[in-house]
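Hi everyone, thanks for coming. Let's look at a fold together and see how its pieces are put together.

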Amino acid sequence: MKLRAITIFLAPSSTSELLSLLDGAASFLLAAKAKYSAAGWEVQTLRCATTSFEKWLDCSSTEAGLKELQEIDAAASAHAGVDFLSVGPAVNHYDIVAATLTASGTDKIFFNLPVGMTEDEVPDLEKAKAAAEVVVKVAATSPAKVKDVPSCFRMTITGNVGPGTPFFPGGYSDGSSPYFAIACENSDLLVQAFTHPDAKGNLGAAKKRLNQILTENLCKVEAIARDISREWNDNVMAQMHMGAQLLGSVAYGGVDASIASAAGSGASLVRAYEALGLGPFGGAGTLAISSIITGVIKKLPVKMCGYSGLMLPLTEDLGLAQRGSEGTVSIQTLLHYSAVCGCGIDTVPVSGATSADELAVVFCDMVAMAFRLKKPLSARLWPVKGLQTGDMTQVDNPFFVNCKCMQVAPTGVKPLPSPESSSDAEDEWTLLDLPASSTQSNPAYRPPPPYPADDHQFQKSPFPGQCSLN
């Protein structure tokens, strides 16, 4: 297991105050990283997350907001202790989001765009459409062949996501005094638990082993986090520079106990699932296993924050990318699994011809589930410029596992004939009259295609990733 991120949460009152706070935040994050490194833990990224930029940025014009965010990005680049910075939820100023993600000098900046429910208790379709239009606009500037992480993945559409998650782009501050949280990359622990000989075909044993392994590791992570907070708070006023003194005390906010993927095939979630012997990922049994994993996470004896569920990021996991490319999983099934486990629809490439209206409907599905089930969910989709459904992405970046673009909506579906239609409509709309005794005897029946013979032969990506996008 590695630590995906140590994230500090800040509540500036202005851009100038944030620039001052970054100095102390960088010092804190570097000290925290050193503490974990000394204990043998690899820390991948150091991050800052703020309250909504609309509360402290100059939003008088698109140009003014973009200029200040470029200044913030430059300041973050000057600090070795700040790799990425989420400037919180965008509620009104989508223009600044689009401008920032399509401009140069903003590579460290992340956004989240919350979509909620209306007063009528239905998903806010208009808000979803507005957010989808931003996605389409940003995607139009991202070529299919890139070396950087696609700009579309530096923002996410969220439903019911509260403050305090250390994962990006969903992370933001609740406005309180500074605090920090930990995000893990721990799919290797899931593999370790589920590939044990006792776990195969025995879900109870698999659950018990996963609980033991996660408890052991996350309790260690939390113990160090509490030491970090205590030591910083005891010594902050003795710091020589004003940045640390301006930052002040930093509280421990928790660990996001989500199962998050490593890109290599050895740590793939798919390898863990299929080791239990219930069949290929995406088939029957996948939902049950997902529910077991989340059940374990929710009862871990640590202070939890953020999503604390099971993440299924398509382009961050070699096995998921393989199953997605095979058609074993779809956008709909990924969201379906989120009902019992995870964090939504994450890092999914789709056809570049996908419209904002099509994306908005997907976002509404996610929002409906998030609020109906009272859980945090999000969606990151990338309409890849110039590619169609089934085309492979071509990203040369260690954060990314290439896979085929998914289909957002079914194609070739005929509308039902209206009651006023003539009888000729029957010629164009033929219902399958399947006998009750057996579908096999019906000449129109076609069995589903078989799964690949060797379910563990993962597709080799030309650019195997070592890190992840969240």
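Which residue in β10 is the bridge partner of G159? That partner is L377. Before we go on, this is a predicted model, where local features need pLDDT of at least 70, side-chain atom pairs count only at pLDDT 80 or more, and totals for chains, interfaces and linings use all residues. Residues are numbered from 1 along each chain as its sequence is written, and side-chain values use heavy atoms, with hydrogens and water left out.

Back to our pair: β6 (155–159) and β10 (377–384) run antiparallel and are joined by three bridges. Strands here are DSSP runs of E, at least two residues, and helices are runs of H or I, at least four, numbered from the N terminus. Strands pair if DSSP finds at least two bridges between them.

Now the whole sheet: nine strands, open, with mixed pairing, in the order β8-β7-β1-β2-β3-β4-β6-β10-β9. The edges are β8 (251–256) and β9 (344–351), each with a single partner strand, so one side of each has no neighbour in the sheet.

What lies across β6, β9 and β10? Helix α12 (356–372) does, at about 165° to β10. Angles run from 0 to 180 degrees between N-to-C directions, and axes are lines fitted to C-alpha atoms, for helices over the stretch in contact.

Finally, helices α1 (15–38) and α2 (62–78): their axes come within 10 Å and cross at roughly 5°. They are therefore roughly parallel (under 35 degrees; over 145 is roughly antiparallel, 65 to 115 roughly perpendicular, the rest oblique).

Note on methods. Contact = heavy atoms within 4.5 Å.
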